[in-house]
Amino acid sequence: MIRLTNLTLARAAKVLLENVSLSIHPGQKVGLTGANGTGKSSLFALLRGELHAEAGDLNLPETWVVAHVAQDTPALQQAALDFTLDGDTKLRQIEHQLTLAEAANDGHRVGELHAQLSEIDGYSARARAAELLHGLGFTDADLSKPVAAFSGGWRVRLNLSQALMSRSDLLLLDEPTNHLDLDAVIWLEGWLKSYPGTLLLISHDRDFLDAVTSHIAHIEQRGIKLYTGSYSDFERQRAAHLAVQQALFDKQQRDRAHLESFIERFRAKATKARQAQSRIKALARMEDISAAHVDSPFTFSFRVPVSAPDPLLDLRHASVGYGAQPLIANIELTVRSGERIGLLGRNGAGKSTLIKLLANEIALLSGTRTEGKGLAIGYFAQHQLEQLRPEESPLQHMTRLAPDTREQELRDFLGGFDFRGDAATSPCGPFSGGEKSRLALALLIWQRPNLLLLDEPTNHLDLDMRQALNYALQDYQGGIVLVSHDRSLLATTCDRFMIVHDGKAEIFDGDLDDYRDWLNQQRINLAQANPDKIERKQQREQNAQQRQALIAQRRPLVKEIDKLDQQLAKWHTEKASLDAQLADSQLYEPAQRDALQTLLKRQGELSTSIETAEERWLTLNETLETLDADN
């Protein structure tokens, strides 16, 4: 059990937690929530032993193995699969000891260590590591690539795979979905549901928290309160608590009216009943969660676009790719004013490439592109954060965009993104990823685009900011094309979906539940097309490892037998010579007494050595026969 007793935790002279008591039982899966800066990551550092409490006690079982995702990954030449296997420290420890035992020709120790490998299922470790990597989006070809060959986002996935490979009792995950696509998020959910240890999870993905957690530990006002149930359950409980305060209740009612109005508009124009009902249910749920965010510092909306051409953008017989080879071919896509399209598909299928094509950042390989008169694109992608000028403040960025606008108006606008006071005038270079994302969104929104192209806009955004973005997108009057692993944002923003796969971009007739079923069916189809392929591959790997293990066990035994054979041959030859000398009667003359004693002593030594060596030779051969019989 993890137990905090009257614990006070501070960082940089700021008290984050004060006189906190909390108990987390083995096997519980707990989501850790709270506004940025309240101490979530610091609590993780405390559990890892990197911070110490100012007062009170933290009790964590001494025998527990604590796993977490490393923040940095050096440019290693080690293969991705081997890097993942390093997460299993018990496996690596046995393998290291096995190498030493083999070098020392200690056959008995080699046998013991192989028995330990079998006990921890070590022979299937490579297959399990490969399964983890595949689930996180890596291909077979990636498994042998060096870590240094992967980009930063993929190295984060490698760090995650290493943490999941650990034989941990406590798993600490801080925003594990930030660098994952939707397919990998869905896979990770399933993996964490079956994780047998205790899980502490920091995430700003509402649906992910709902799917994985059994409890929510919420940090606010320097305290932690543990709620039973999913994140949605927590939101309802907290909303009920906050609603008793009249001012907050009034704001909740306004938000609820806003949502009801939107649902009615959507119901009136929806053309697909299944998608309409799915979205209405998602929006209805937002009635319950709205009150849980009434104290959010974020309040903004999109400015009305200057024009609304219809269609906004049209692609016909379009192909896009890098070099001469198309990644996606024969694209037929019309984006109309007010339309909201979500892009689905596996990582690497081409979703971001299609977004870049729509943003006109890459050219068509073939086909036509027709833009509506007055098209104004607002494109958001993570790489655009790097285009912010680190020496300039949010206010300076805004002044560049709108030099004729009053400063107070710009400050009011930035305040909706929680850039208030000094935050509005401080250089943005030291900002966190979330703060930079908020600033990039503010700059985009100010420009009044009539077509929004959003590629993972929620990365680094906390739950309150995601909620504010969700509301703002619902009222936005232009067209939207969205790539996101945040299912709540996709479900409540998009009218229809396109799926990018197998070199095509096609309309997907269904909602996100249907997409999850589609992914499952794809896995089933793959298994049926290649019956028992994965199982056979794993069995081949296990058989190969067992053969190597047998060879490793036999090698020192055979080597020692060969050595004994050679030694015994020399000793027998020497003893035969001694026996011949001792048969000479002259040796027994008084004058030869010393020589006789020397020869007799050596004969006795040889007899003893030969007897001992032959016994060892017999034991070794019996061990070999047993090994060969068992395998």
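Predicted model: local features only at pLDDT ≥ 70, side-chain atom pairs only at ≥ 80, totals over all residues.
User: Is helix 12 mostly covered or mostly uncovered?

Analyst: Helix 12, residues 351-358, is mostly covered, with six of its eight residues buried (under 20% relative accessible area with a 1.4 Å probe, protein chains only; exposed is over 50%, partly exposed in between). The buried residues in helix 12 are Lys351, Thr353, Leu354, Ile355, Leu357 and Leu358. Across the protein, buried residues make up 48% of the 631 residues.

User: How do helix 6 and helix 7 pack?

Analyst: Two packed helices are described by the angle between their axes and the distance between the axes. Helix 6 (residues 152-165) and helix 7 (residues 182-193) pack at an angle of about 15°, with their axes 13 Å apart. Helix 6 is therefore roughly parallel to helix 7 (angles under 35 degrees count as such). Arg157, Leu160 and Leu164 of helix 6 meet Ala184, Trp187, Leu188 and Trp191 of helix 7 (contact means heavy atoms within 4.5 Å). By class, this contact of helix 6 with helix 7 has six nonpolar, no polar and one charged residues.

User: Which residues have the most contacts inside the largest nonpolar core?

Analyst: In soluble globular proteins, nonpolar side chains tend to be buried together. The largest nonpolar core here has 50 residues, and those with the most contacts inside it are Leu158, Leu160, Leu171, Leu173, Leu188, Leu192 and Leu199 (a core joins buried Ala, Val, Leu, Ile, Met, Phe, Trp, Tyr and Cys through side-chain atoms within 4.5 Å). Helix 6 gives the most to this core, with six residues. A second, separate core of 49 residues includes Leu414, Leu473, Tyr476 and Phe497.

User: Which residues does Leu568 touch, not counting residues up to four places away in sequence?

Analyst: Leu568, in helix 20 (residues 533-582), touches Ile610, Ala613 and Glu614 on that count. The C-alpha atoms of Leu568 and Ala613 are separated by 7.3 Å, although the two residues are 45 residues apart along the chain. Leu568 is buried, with a relative accessible area of 9%.

Notes
Residues numbered from 1 in each chain as written. Heavy atoms only, no water. Axes fitted to C-alpha atoms, helices over the stretch in contact; angles between N-to-C directions. Helix = DSSP H or I, 4+ residues; strand = E, 2+ residues; numbered from the N terminus. Parallel < 35°, antiparallel > 145°, perpendicular 65-115°, else oblique. Nonpolar A, V, L, I, M, F, W, Y, C, P; charged D, E, K, R; others polar.
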